[in-house]
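I opened this entry to record what I looked up in the coordinates, starting with a metal site and then turning to a helix.

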Amino acid sequence: MTLFADVLLPLSVSTPYRYAVPDALTPRVVPGTRVLVPVRRRRAVGVVSGIGSEPPAAGTQREILAAPDADPALSAELLRLGEWLSSYYGCPSGLSLRALLPGALWGGRGARVAGPAERTERTITLVKALPSLLERERAFSRSPKRRAAYEALEALGGTAPQRHLVSQLKLGTQVLNGLVREGLARIDRVAAPRDPFADLAVAPPPALTADQRRAMDAILGTPPEMPVLIEGVTGSGKTLVYLEMLRTVVESGRGAILLVPEIALTPQTVARVRGVFGDAVAVLHSGLSDAERADAWRAVRQGKKRVVVGARSAIFAPVQRLAVIVVDEEHEPSYKQGTAPRYHARDVALARGRVEGARVLFGSATPSLELLHQVDHGSVRRVELPRRVGDRPLPPVDLVDLRSAERVPEAGPVTWSEPLDRAVREALERKEQVILLLNRRGFASFLQCPTCGTVPGCPRCAISLTVHATPSALRCHYCGHEEELGPTCKSCGATTRRMRGLGTQQLEHFLGSRFPAARIARMDLDTTSTKWSHHRILERVARGEVDILLGTQMIAKGLDFPGVTVVGVVDADTGLHLPDFRAAERTFQLVAQVAGRAGRGPAGGRVVVQTRSPDHHALRAAAAHSIAAFAAAELPLRTLPHPPYPPHVGLIRFVALGKTEDAAAARATRVADWLRRANGERLGGGLTILGPAPCPIARLHGRWRWHVLIKSAEPRLLGRVMRAWRGQGRSAALIVADRDPVSLL
Ligand SMILES: [Zn+2]
Ligand SMILES: [Zn+2]
């Protein structure tokens, strides 16, 4: 009897294609198997989603051409997770599956269906033992170097990669080749996964503190199906608790995933994990080439690596016998994927935990209100780490009111108050380190003509152009468009123009003249665009070669430098008034996180926050290092009589795009009409529908943008909307459907 397989292709399609399974492939072709199939005149890689005996309804019968892997690429659990992704995020099944496998395994039109070849490297293995001293003397009588090489290999267990012998032990290749010629050793080429973190020095982790031990016991005392939030103040050592949890899992022969935000995936983080698990760890990060990613994926799939550390997409790693998933810094918006499927790794972790029966742990000093809401409703258990390691106090935070504070006269347009100036100067005099946060890169936010008021904007986006000094240009921070910083106003020809809004380049320039002896490093998107550049900056800070580290939000995350005693927030208001309901929450998280970088060493620390809104609850709570205070003030603002927002309701955002504003508006109107009809006819009026309206950023990359928001306290209704939307099969290129959006701009 001929069998037929349903095959999903990694395209914007929801229905699989049915192919006949050739007899020779029958044992291999099961759900989850990667197969090569003919599609029109091409060949493509797909994944089998089901097997049956029914032939396709119409058209010619075509056969599967090949099944390159010995084992199915996707387990039954990951296939189910793919279905969940597709249903929850209203995304075609084909696109959901695409998220589950590294790009290289989808092949280039069948050209290399097996994916990139595994990299090989030369290893040298001793083949002849020389047990007696006499034999040894004879064999190496005229070549002491060869003897040293032989004995080094012996000490390494008889085999080692040539690269290691040459680069670490400084043995010459001629000497090694000599061993081969004498018949004492042989050279093999073996598969060697590429791993840029391979040469890290590792140290075993310190023992758990009493608080950390208590947290660990509380987690182990929680039923595995109940997710846990570790709410620990900055510097309380949450990572040690994760590592201990992972250790217990790996010891019992099972696997684990540790998710960290991309920016926190530093050699320091990786070294800490390696310190516990050595080579059993696979590190997945954006710096990997396609081939490296495929290597790592294979090693995990084959069970050679049992622990995966990685950013967002590592949540799909094919870890065998997965027993625990840890999501560190759970509040980070970078866990949300910006293209279909627009998943949030925090929520995928919960879904994967359910299908695999794995425990899920979240950690943060500033948890998201979504997660706190789940704690309040009893679906997530909270475990607290209320104190810093070594009982170091959290640093005191001064809120400096920029409207009334005394400014340093030499600072000119730079917002630089006397209290911040004093704190920085004193730290430098004591040879301590300073971190300054300014969440705006470039030299100035925009340029304005004082004569006619014109502000140069991006021709493709409804955004003013940012002034950059080095190299000099006006640049769009959304699409990268660049213009010359000409000498005159393009509208009226006036020759003087004013720069507004302080950026990191200008701050660096000012600090250079204010503190000429200080060694200053700047970290923002402009200085970290090359591979590993931000690691190199942080390594300089760690070695004490930097006195002042200034930068955008990327310096707020996870840094642990005991030498830092002063943290300054130069302008806390940069994101406070954005037209997004999470503006206050983001500001709270950013200020509280960067404040937490101060005073991690014995010298203590302090924080100075400059603001024009010192009474804002986000800043008051950040100054008190208190998520509880923030949540208590913010949660009531997101429910009646105010317009309800998450976490009280769920949210879906539809963004319609168009070459003209009318086209975008018409498209958004049709979506809104469809939603209103469905709401009235089938959903019992359970949705609140807002819009259509222009997005706050009305034009981006040359396309106009209108959006429609829907809200509902019933996730079930939002789920029905997403599935109905998927069923409509509308072009994702023209209308984006985003469930649980992290930005409304
Ligand atoms: Zn002008
Ligand atoms: Zn632009």
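Is Cys492 buried or exposed, or in between? I found Cys492 partly exposed, because its relative accessibility is 39%, where buried means under 20% relative accessible area, exposed over 50%, and partly exposed in between (1.4 Å probe, protein chains only). Cys489, at 5% relative accessibility, counts as buried.

I noted that this is a predicted model, in which local features need pLDDT of at least 70 and side-chain atom pairs count only at pLDDT 80 or more, while totals for chains, interfaces and linings use all residues. Residues are numbered from 1 along each chain as its sequence is written, and side-chain values use heavy atoms, with hydrogens and water left out.

I then looked up the zinc ion (ligand 1), which is coordinated by the SG atoms of Cys449, Cys452, Cys489 and Cys492 at 2.3 to 2.4 Å; donors are N, O and S atoms within 2.8 Å of the metal (3.2 Å for Na, K and Ca), and water is not among the atoms, so sites may look incomplete. The angles among the 4 donor atoms run from 105 to 114 degrees, and the site is tetrahedral, a term that requires four donors with all angles between 85 and 135 degrees. The donor residues follow the spacing C-x2-C-x36-C-x2-C in sequence.

Next I turned to helix H11 (residues 345-356); helices are DSSP runs (H or I, at least four residues), numbered from the N terminus. I found H11 mostly covered, with 10 of its 12 residues buried, among them Val348, Leu350 and Glu356. H11 is followed by Gly357, whose phi is positive, near 65 degrees.

Terms used:
Chains are lettered from A and ligands numbered from 1 in the order in which they are written. Four donors count as tetrahedral if all angles lie between 85 and 135 degrees; four count as square planar and six as octahedral if opposite donors are over 155 degrees apart and all others between 65 and 115; anything else is irregular. Helices (H or I, at least four residues) and strands (E, at least two) are DSSP runs, numbered from the N terminus. The expected span of a helix is 1.5 Å times one less than its number of residues.
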